[in-house]
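Let's take a walk through a protein model together, one piece at a time. Keep the 3D view open and turn it as you read.

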Amino acid sequence: MIKLRIENLRKSFDGNKVLDGINLGLEAGKVMAVLGPSGSGKTTLLRCLNFLERADDGKLLIDDVAVDCKAVSKKQILALRRKIGFVFQNYNLFRHMTAEKNVMEGLVTPRGVPAKEAREMARAVLDSVGLADKYYSYPTQLSGGEQQRVAIARAMVINPEILLLDEPTSALDPELVGEAMQIIKKIARSGITMIIVTHEMSFAYEAADYAVFMDKGTIVETGNPTELFDNPQEERTRQFLKRLHRDNRDNRDNRDNREKE
Ligand SMILES: Nc1ncnc2c1ncn2[C@@H]1O[C@H](COP(=O)(O)OP(=O)(O)O)[C@@H](O)[C@H]1O
Ligand SMILES: [Mg+2]
């Protein structure tokens, strides 16, 4: 069953084509990893799916809601948003709210879930990401890894049809990336439909059904992760992967050196 279809999605900022006709489909329960150089349009793509950014043209099907981006109603946008959990690159937590309140917020105001019930649901999800002792902590009292887990809990508590994650580990210290990825892997395997922008190749290898390489607002190449990484067909993909391998190796070396010190 198809859960998400993107047809000919286009978006420009001041005449600068950021998404230049994106076509993608994803079946229910599948995980798609999106890779690509900085500025290639990955974040804009995710934001257009959630209408945080309005695409100039294109059609979207999300679960059972089909919209034409040029003629979408407020009601349709709300209906779509209810189906999508979004984990932002910098978490975007409310600074003045505890972890528990951050997770409850999306249930109470937009969905009208009674506070008592929302609190129970929030606590259950916080427990599941290992934050049972952090209900009352404010974001500034949490480590980067913990803040990220609150952000994941907030996205998951609405029981989304689709979970979108934008480079969820890019702001973390390298030694925290593995642990964070374990949590995301567990979610990926729970049967949710997921699009994750990530350059963590081990995640893509182990947990993604599809890998997509984007460059300059277009999809250059898609395939299963093993195909795409081990045998890229396009020169641009090859160049990007070469650079990525080098960066990953440098990061690993830096980490090893730090651990030795
Ligand atoms: N709100 C905006 N206004 C103007 N330009 C933007 C805006 N958001 C993104 N862009 C531009 O769109 C391009 C793609 O950005 P982005 O989607 O963030 O790429 P990526 O996530 O792949 O790094 C970049 O050139 C960026 O500067
Ligand atoms: Mg981005």
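Start at one pair of residues: R10 has D57 in strand 4 as its bridge partner. This is a predicted model, in which local features need pLDDT of at least 70 and side-chain atom pairs count only at pLDDT 80 or more, while totals for chains, interfaces and linings use all residues. Residues are numbered from 1 along each chain as its sequence is written, and chains are lettered from A and ligands numbered from 1 in the order in which they are written.

A quick word on terms: helices (H or I, at least four residues) and strands (E, at least two) are DSSP runs, numbered from the N terminus. Two strands pair if DSSP finds at least two bridges between them. In general, strands of a sheet pair through backbone hydrogen bonds, either parallel or antiparallel.

Strand 1 also pairs with strand 2 (residues 16-27), again in the antiparallel sense, over nine bridges. You can pick out two of the links yourself: K11 has L19 in strand 2 as its bridge partner, and R5 has G25. Strands 1 and 2 make a hairpin with two residues between them, and D14 in the turn has a positive phi of about 50°.

Now zoom out a bit. These strands sit in an open sheet of four, in the order 2-1-4-5, with antiparallel pairing. Strand 2 and strand 5 (65-68) are at the edges with a single partner strand each, so one side of each has no neighbour in the sheet. On average, neighbouring strands here are turned by 10° against each other, direction ignored. Angles between directions run from 0 to 180 degrees, N to C, and axes are lines fitted to C-alpha atoms, for helices over the stretch in contact. Helix 2 (residues 74-81) packs on this sheet, touching strand 4 and strand 5, and its direction makes about 135° with that of strand 5. Contact here means that the C-beta atoms of two residues, placed from the backbone, lie within 7 Å. Helix 1 lies across strands 1, 2 and 4, running at about 65° to strand 2.

Six strands form an open sheet in the order 6-7-8-3-9-10, with mixed pairing. Its edges are strand 6 (84-87) and strand 10 (218-223), each with a single partner strand, so one side of each is left without a neighbour in the sheet. The twist averages 20° from one strand to the next. Helix 1 turns up here too: it packs on the sheet, touching strand 3 (31-35), strand 6, strand 7 (162-166), strand 8 (193-197) and strand 9, and its direction makes about 150° with that of strand 7. As for strand 9 (residues 210-215), five bridges join it to strand 10, and the two run antiparallel. Look for M214, which stands opposite I219 in strand 10.

What surrounds ligand 1? The shell is F13, V18, G36, S38, G39, S40, G41, K42, T43 and T44, where a residue counts as near if its C-beta atom, placed from the backbone, lies within 6 Å. The largest share, three residues, comes from helix 1 (residues 42-49).

Finally, the whole thing. The protein has nine helices and ten strands. Its domain assignment gives domain 1 (2-83 + 164-224) and domain 2 (93-159), with bounds that come from an automatic or database assignment. Nine residues from domain 1 and seven residues from domain 2 take part in the contact. The C-alpha centres of the two domains lie 23 Å apart. Along its principal axes, the C-alpha trace spans about 60 × 55 × 35 Å.
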